[in-house]
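Please keep the structure open beside the text while reading.

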Amino acid sequence: MERPYRTAVGLVALSLVVAGVAWAATARERSLAIYPAQHIPLKFDHAQHLAAGAECVSCHEDVRASGSAKDRNLPGHEQCETCHDIEAAKKGAKTDPPAGCNACHPGFDPTVRLAPLKVDMPPANLRFNHKVHVDKKVECATCHGDMKDVRLATRQQLPKMATCFECHNGNVASKECRTCHLTEPSGRLQLTFPSGVLRPMQGDPLGLDHGPRYEFNHGSRASVDRQTCMSCHAETFCQSCHDALQKPLSVHPNDYITLHPVQARMDSTRCSSCHRTQSFCAACHERTGVGMDADRSLRPRNVKVHPNYTEWVEVPGPRHHGVVASRDIQQCVSCHREESCMSCHSERSVRRQVNPHPDGFAAACKRLAAANDRACVKCHTQESLAQKGCR
């Protein structure tokens, strides 16, 4: 006899009170936005019932025809009375198995109050059809796990999305998000619920972990296509950052113009994910006077970059540009092109000719030129190389 799905809403429980002791499942294990918090003041042992020969359908028979996650497919007294003689227990008779109120409702005394504590189980915020799965011969354990060692079922027995993807892979069953998730009138997924906000976290099977600083690395997620993002986010959501003249403070904090060079030197690829070096960075530097081609009236601003131009270019020492360039050439090429260096360090220069080679370089010159003279001819003429014996 096949064991049909046990309803998801019939298993969800954030807080469980069993024999006066409370257990709580963490929200990270099961999303509160999908499975709202529930309170089940009951005592029940699934393992004991299965060991006694009970089948899932023995108590959850309604799932055979259940077509919605809102269906309350929970056993009532009618199902329990199949084995438990509740009426006899009410008259004071001893029953086996136990059938008194305390057997399932710990601490309940009918002489003190008329009804036991209410079981609060809101429906899951999903589209789910048990009947379809039952008709396809899907076993209960496929989604809810083996219940042979489980007492009162908790959120731990609810299926995670990774479990659903074992069938919902686009081949066996649809992998569209809206197949199971609720949607807005726009067609995008509903993200906000009274019980919480739907937000992919660690372990998300699609690689959509929206953890801390996700706004900084979401663009590099190669496994995520645009359509997946658009399932939840409208175009205007992306444009609020990508098309805005002023980025949110979480991306570019106050006074970022002053701070950005440090971050740009550490990780220029992060900058280039939004900005084009030539059209954005170079253009801004030229407008502000930080650049070789900037208007001469703005040149005094270069003192922020090159504190003393004469010392920077001509005076040997730790502040000489050659020393700085040997430490971090990337800092130089962020503004300067090869032509900037060749304006002085080249035989072709009409401005000045400064030999960039260290002492003793002549010994290696012929060997390097013989291997590949393309670097040499950038600065030297063919005649000059021939005179030096490099030809």
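Helices and strands are DSSP runs, a helix having at least four residues and a strand at least two, and they are numbered from the N terminus. The model is a predicted one. With that numbering in hand, the lining of the second largest pocket can be described by element, and its largest share, 4 residues, comes from α5.

**Overall picture and confidence**

- The protein holds 20 helices and 5 strands, and of its 391 residues 27% are buried.
- The average pLDDT of the protein is 79, and 84% of the residues reach a score of at least 70.
- Over residues 1-28 the pLDDT stays under 50, although the model has 105 contacts beyond four places in sequence for this stretch.
- Where pLDDT is low, the predicted coordinates should not be read in detail.

**The second largest pocket**

- This pocket has a volume of about 1500 Å³, and 46 residues line it, with Lys43, Phe44, His49, Cys80 and Cys104 lying nearest its centre.
- The elements that each give two or more residues to the lining are α1 (46-51), α2 (56-59), α3 (77-80), α4 (86-90) and α5 (101-104).
- Sorted by class, the lining of the second largest pocket consists of 27 nonpolar, 14 polar and 5 charged residues.

**The cavities**

- Searching the whole structure gives 2 cavities of 30 Å³ or more, and the second largest cavity has a volume of about 30 Å³.
- The lining of the second largest cavity is formed by Glu176, Cys177, Arg178, Gly187, Leu189 and Ser231, which divide into 2 nonpolar, 2 polar and 2 charged residues.

**Two arginines in loops**

- Arg30 is placed in the loop between β2 (21-24) and β3 (39-40), and this residue counts as buried because its relative accessibility is 7%, below the 20% under which a residue is called buried.
- A polar atom of the Arg30 side chain lies 2.8 Å from the backbone oxygen of Leu158.
- Not counting residues up to four places away in sequence, Arg30 touches Tyr35, Arg155, Gln156, Gln157, Leu158 and Lys160.

**Backbone details**

- The peptide bond that joins Asp96 and Pro97 is cis, with an omega of about 5°, and Pro97 sits in the loop between α4 and α5.
- Lys137 is a residue other than glycine that has a positive phi, near 65°, and Lys137 is found in the loop between α6 (130-135) and α7 (140-144).
- Lys137 counts as exposed because its relative accessibility is 56%, and exposed residues are those over 50%.

How values were computed: Residues numbered from 1 in each chain as written. Predicted model: local features only at pLDDT ≥ 70, side-chain atom pairs only at ≥ 80, totals over all residues. Heavy atoms only, no water. 1 Å grid on protein atoms, 1.4 Å probe; cavity = no way out; pocket = protein on both sides within 12 Å on 5 of 7 lines; lining within 4 Å. Points joined across faces, edges and corners; volume = space filled by probe spheres on them. Nonpolar A, V, L, I, M, F, W, Y, C, P; charged D, E, K, R; others polar. pLDDT = per-residue confidence, 0-100. Contact = heavy atoms within 4.5 Å. Buried < 20%, exposed > 50% of the residue type's maximum accessible area, 1.4 Å probe, protein only. Polar contact = N/O pair within 3.5 Å; in protein donor to acceptor, adjacent residues only side chain to side chain.
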